[in-house]
Amino acid sequence: MDDLIEFAPLVLSGLWVTVSLSLTSLGLAVLFGFAGVSLKLSKARWLRALGTGYTTLIRGIPDLVLMLLFYFGGQIALNQIGQMTGLWDFVEINQFVAGSLTIGFIFGAYMTETFRGAYLALPNGQLDAARALGLRGILTLRLVVLPQLVPLALPSFTNNWLVLLKTTALVSIIGLQDIVYNANQAGRSTQQPFIFLFLAFFVYLGLTFLSQLLLNWLRRRYTRHEGLAHGS
Amino acid sequence: MDLSLVADNWTLFAEGVWTTLWLVTLSLILGGLMAIPLAVVQAFRVPVLGQLAAGYSYAIRGTPVLIQVYLLYYGLAQFEAVRTSVFWPLLRDAQTCALIGFALNSAAYTGEILRGAIAAIPRGLHEAAAALGLSRWMAIRLVVLPLAIRRSLPAYSNEVIFMIHASVIASTITVVDILGAGRQLNSTYYVVYEGFLTAAVLYMALVLLVTLAFRMLEIRFLDAFTAGAQREKAAT
């Protein structure tokens, strides 16, 4: 029990890393998702093929394989490019950058499907109406499509976020000092690995629970008028 | 990228593929068997057992597989009682710990899919089963489960792929699965791409095969549902 009190601050200091990494990855995932959905809904066939290639690749390769490839492989590739072009000397990829880029890239593919599903669920009439009003391109997107996309995409978005949150545990393997890494350290120092891993287990459970509360509240806010709109 | 290195070590990767295959398959079978009671007690709101199953499912689905496997492999060894028990030879072994962890994990996810499928079965079917004089248990076994399992098939294919993805966690506790083989190759020859890229290609092939297999299974077992819809379409 004394060990728990002594080492709990160390484990919980990893919470900040886990949360900031998750949010950074989420931001990147949304960006990759927008890029992916633009590819998939594009009129050019080769762009659509590129989009399909992206989502198929992510579905086929486990997250940890990609993360190790990005972290160790990216390091070597960057230095080789630096050596060839003479633009930079030795660079070291930061684990936070490698981790958030990998997780962002992976969940960008899932976000692509989320956004695509929501876009396709949008009634055709909405786009026709926008055109009839003389809106075009970016204005249609900003004023008509995006505001309606949010409630449509939210359930799947919530699901992606919950999976993303759990995926961040993998960064402990490339040495980033998140909750899991610190729990392992504390477990080793005290020879009580179960206690500290169990603490990490409960922290994740708490994060999942809080996320669900927040996102359910958002969903209710966005679908408040849904009943009215459908009724009219 | 030195492909001859991969070719020279093909037995290492063959071992990795074999380990991943049996780990995933056994985890899915054991997880699937546990999923049935988990789903049934939840869907039929059995007092106490239903709540326990829901709590288990929530805790497993709300936490990373990595921590679950660590808890089994590193965590349990903390306790003297575990180390002196008859299960110790099993729990000391990384492969067994990975298998138990994955099976417990798959049980929760598969249970959730099944629970949804059972809940989606129309009331009339339960009433029809009761009208035929089937007991509750007979109705579940003969009517509800066969239908729910068939309807779970599309969602279950995702669970299988998720399990393949999750199985790489085994390599973090020293198991030589596909990723473990890649990591071993890399550390032996001080290379990076050879091991990880070979692993990536092998996983990709595995996922493609599973996707194709499920597409065929869906045609075989879900035809009854889609054929009805097609007949209606043809009639109009």
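Residues are numbered from 1 along each chain as its sequence is written, with chains lettered from A and ligands numbered from 1 in the order in which they are written.

**Chain B at a glance**
- Chain B has 12 helices and 0 strands, where helices (H or I, at least four residues) and strands (E, at least two) are DSSP runs numbered from the N terminus.
- Its C-alpha atoms fill a box of roughly 70 × 55 × 25 Å along the principal axes.
- Of its 236 residues, 38% count as buried; that label takes 20 or more other C-beta atoms within 10 Å of the residue's own, exposed means 12 or fewer, partly exposed is in between, and C-beta atoms are placed from the backbone.
- Take the contacts in chain B between residues at least 6 apart in sequence: 76% of them join residues at least 24 apart. Two residues are in contact if their C-beta atoms, placed from the backbone, lie within 7 Å.

**Where A meets B**
- Chain A puts 29 residues into the contact and chain B puts in 27.
- On the chain A side, the elements giving two or more residues are H2, helix H3 (63-85), helix H7 (179-190) and helix H8 (193-222).
- H8(A) supplies the largest share of that side, 9 residues.
- By type, the chain A side splits into 20 nonpolar, 6 polar and 3 charged residues. Here Ala, Val, Leu, Ile, Met, Phe, Trp, Tyr, Cys and Pro count as nonpolar, Asp, Glu, Lys and Arg as charged, and the others, Gly among them, as polar.

**The core**
- The largest nonpolar core has 109 residues, and A:Val65 and A:Ala200 have the most contacts inside it. Such a core is a set of buried Ala, Val, Leu, Ile, Met, Phe, Trp, Tyr and Cys residues joined through C-beta atoms within 7 Å.
- Helix H7 (residues 94-119) of chain B gives the most to this core, 12 residues.
- Leaving out residues up to four places away in sequence, A:Ala200 touches A:Val11, A:Ile179, A:Val180, A:Ala183 and, from the other chain, B:Ile67.

- A:Gly51, A:Ile58 and A:Gly60 are buried in H2(A). The buried residues of H2(A) pack against H1 (2-40) and H4 (95-121) of chain A, plus H11 (193-221) of chain B.
- H6(A) (residues 137-167) spans only 36 Å, whereas a straight helix of 31 residues would span 45 Å.
- H6(A) bends by about 55 degrees at A:Leu154, and A:Pro155 follows within four residues. The bend is the angle between axes fitted to the seven residues ending at a residue and the seven starting there.
- Buried residues of H6(A) include A:Phe157, A:Trp161 and A:Leu164, and their cover includes H1, H3, H4 and H8 of chain A.

**Confidence**
- Chain A averages a pLDDT of 89, with 96% of the residues scoring at least 70; pLDDT is the predictor's confidence in each residue, from 0 to 100.
- Where pLDDT is low, the predicted coordinates should not be read in detail.

How values were computed
This is a predicted model: local features need pLDDT of at least 70, side-chain atom pairs count only at pLDDT 80 or more; totals for chains, interfaces and linings use all residues. The expected span of a helix is 1.5 Å times one less than its number of residues.
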